[in-house]
Amino acid sequence: MLAMCLKTRYQSKGEPKDLDDCIRLFHLAISFPSLAQEDTISMFNNYGLTLRLRYKRTRNLDDLDLAAGYLEKALSHMGDLRSRLSALNNLLLIFQDRHATTGEMEDIRLAIRYGEEALSSADQTENRIKSGILINLANALTATGDPSDLDRAVEYARKAVALDTAMQSGHQAPLLRSDASDVLLTRYKAKQQDDDLRSALAFSEEASKLIRQGHSAQGSVLLQLGVCLSAGDPSKIPWRRVVGVYTDAWQCASSLPVNRIFAASKAATILTANNCFTEAADLLERAVKLMPTIDSRWTKRTDLEGLTAASLALPADAAMVALKAGSSAETALSLLEMGRGRTLRSLLDLRTEVSSSEDPDGLIRSFNLLRMKADAARTPSVENEFRQQTAKLLMDIRQRPGLENFMYPPTPKDYMKQAAAGPIVVATTSAMVDTGMAIIITSSRIYSLPLINLTHAETTKQLREMSEEVTSGEFETYPSRNKKMLGLLGWLWDVIAKPVIENLRLSKQLDAEKLPHIHWIGIGLLATAPLHVAGEYGVTGASESTMDYAVSSYAPSLRALLYAAERSPREYLNKRKDTRVLIVKMSETDGASPLQNVEEEAATLKGLAQSVSMQTTELNAPTTSDVLSHLPLHNTVHFACHGVSDPGDPSKTHLLLSDGALSVEKILKTHSAAPDVAFLSACSTAESHDARVVDESIHIASAFMMVGFKHIIGTLWEGSDKACMVISNRFYAKLFEEDEQSWDGSWKVALALHHAVRQVQGLHPKYPLLWAPFVAFGP
């Protein structure tokens, strides 16, 4: 009874804690062995429905799969028709949700199968349930892509509304009509029949009038109305009314945060198109501040199409529109940092080092212990419990004199302090603003630089072409793909690198040791851009490029850069010879082509390390557990193996070892005691295929940064085995050349990579696919 009350209150007020408490109570209840069978069936059914509710908020597929399991158990024991129809209808909804997340057609086939079974079983006495089955089945049919299914969907949607009208159901009427509107709008988009648009709008208007003020679905009903009003002839769209509808949807506090963010973005898009930048900027800023409420390190692939896709462009849009409205570069920067890299930021909150040297009451020690427990949690509920305790303790700590700013996010002063090591350049575009922008951080100021030749549309075109057509392909296309890459590097030089370098008044230097250091942070697809080698390249080499003016490195975000820079050296690592090098090599891997140069690459590194008295450990064809157990014992690691980028789920991107995959997910669960340098001599270790989550920067290189490594060498795309070996050999030769007496404890990683890439570039100037993918991450 208490669980159902909590569920009802959640549906009314939208408080996530009520939902978590409800699920915890259901989980306890189903474990009681003395429940009667009918109670068990009811419990399974309600537990499944509540898990689906949480999925709608967090997009965690585990909840959806559990919900399906419990509902199928309940269905197998149900005898009465009404209960079976209800269970079949709910399974239809679950597999429809699953299809929306995974894109798997098997899920939509299952949804339709359950729906058709329910529809064929429903008799005239069950019209109330039948109307719901009809509209849910109609929604499922729109996903098959079959025109005949689309016609059948419209037929079912109209029947559902007619049944509901005849019964005067009341509470389900607005949702049913809103869903029917969506079905008709889908067919309108496919067939451009004006009658469908008029019917869709009529149903949606009716739904918005019927929905109760404050109802948890009010926002989604208003969203549907806004979408209908925006369809059709652009010149006839009542844009002020549409903005008002979307703004009302944004203001529905009980709606899912992802729906509210979507509504705000829609309203802002229309406002900026009509030059109302101040109004749009205010709306977008408030939407960005809502984004932390959809954070969850437990959302898996669903983060791609659900949470992140809805808010993908929001931080960049908010920052660019804020600048257009007259806000400062610092404001724009804070919006970018607040909205991007939420998965990594969640980990940084748990892993950022906090000193407890002045902690007489032991509060900071307790705080660190709770963070460790939250970081080690294996379930959402356990992590949330520790996070709540941590948040409470954090408030107590901030009440102490001198600790008022304890664990607050970095400030602009912190960013400028970091820029003393070299300027930080954040490059971004937005579909809402005509031109791109660079936000430049120096040791004395933060300011914006308009990139007048950089547009969002051209950036999308160029970088998608790079990912889909240039960086991979058949061997016979290799020369033409290199030619295209040279053109892309020239475009990046013209629109971003050259204007930034001219603004910073950098001059060419023949001696790389004298070059300044630029830290690049790309927003959106620009996170995949090889800005470190942007340039105008001739037949005999580069006539002008970024490498003539600066040594480059990258960071997923400003917060991640500061995290890496602030990692304090361990006391025992006070001499270079104390460095311990781990070499992981996989010359042969099941199901992959042999890496013929791995043995030579590993032998060269081992020889270089031992020549300067460094300790080395070599793992030949190790298992994932071998590597994870050795990782904390070494401060420099080198992987010579295959790497595989997973465009469907970046957390599954992995290095291939003898027993399978060492994934980003597994790497993030470990810690290293004194991490310093990681060289990932493998394909796709810093690659983000999926435009929907590119701002999350979830790849192997960023995972090693979160583990604690200050410096990481990765690759933006698949490179050749021999190129990896040559770059590696020349990198370590340069890195280890500094003598013991002059070494200050800081590895000049970006400079060493700069030298290595420069040398290979000189040998093969017409083949940037060989030398351009190698990038350094870190300070």
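Predicted model: local features only at pLDDT ≥ 70, side-chain atom pairs only at ≥ 80, totals over all residues.
Colleague: Why are helices H12 and H14 called roughly parallel?

Modeller: Helix H12 (residues 239-250) and helix H14 (residues 277-290) pack at an angle of about 25 degrees, with their axes 12 Å apart. Angles under 35 degrees count as roughly parallel, so H12 is roughly parallel to H14. The crossing of H12 past H14 is left-handed.

Colleague: Which residues make the contact between H12 and H14?

Modeller: H12 contributes Arg-240, Val-243, Thr-247 and Trp-250, while H14 contributes Glu-279, Leu-283, Arg-286, Ala-287 and Leu-290. These residues comprise five nonpolar, one polar and three charged.

Colleague: What makes H9 and H10 roughly antiparallel?

Modeller: The axes of helix H9 (residues 173-191) and helix H10 (residues 194-210) cross at roughly 160 degrees and come within 8 Å. Angles over 145 degrees count as roughly antiparallel, and H9 and H10 are therefore described in that way. Their crossing is left-handed. Among the residues that meet are Leu-184 and Tyr-188 in H9 and Leu-197 and Phe-203 in H10. The contact as a whole divides into eleven nonpolar, four polar and five charged residues.

Colleague: How do you know that Cys-22 is in no disulfide?

Modeller: A disulfide requires cysteine sulfur atoms within 2.5 Å. The nearest cysteine sulfur to that of Cys-22 belongs to Cys-5 and is 9.6 Å away, so Cys-22 is in no disulfide. The structure holds zero disulfides.

Colleague: Why are Cys-22 and Cys-724 called buried?

Modeller: Buried means under 20% relative accessible area. Cys-22 has 0% and is therefore buried; Cys-724, with 6%, is buried as well.

Methods: Residues numbered from 1 in each chain as written. Heavy atoms only, no water. Axes fitted to C-alpha atoms, helices over the stretch in contact; angles between N-to-C directions. Helix = DSSP H or I, 4+ residues; strand = E, 2+ residues; numbered from the N terminus. Parallel < 35°, antiparallel > 145°, perpendicular 65-115°, else oblique. Left-handed = near helix turned anticlockwise from the far one by under 90°. Contact = heavy atoms within 4.5 Å. Nonpolar A, V, L, I, M, F, W, Y, C, P; charged D, E, K, R; others polar. Buried < 20%, exposed > 50% of the residue type's maximum accessible area, 1.4 Å probe, protein only.
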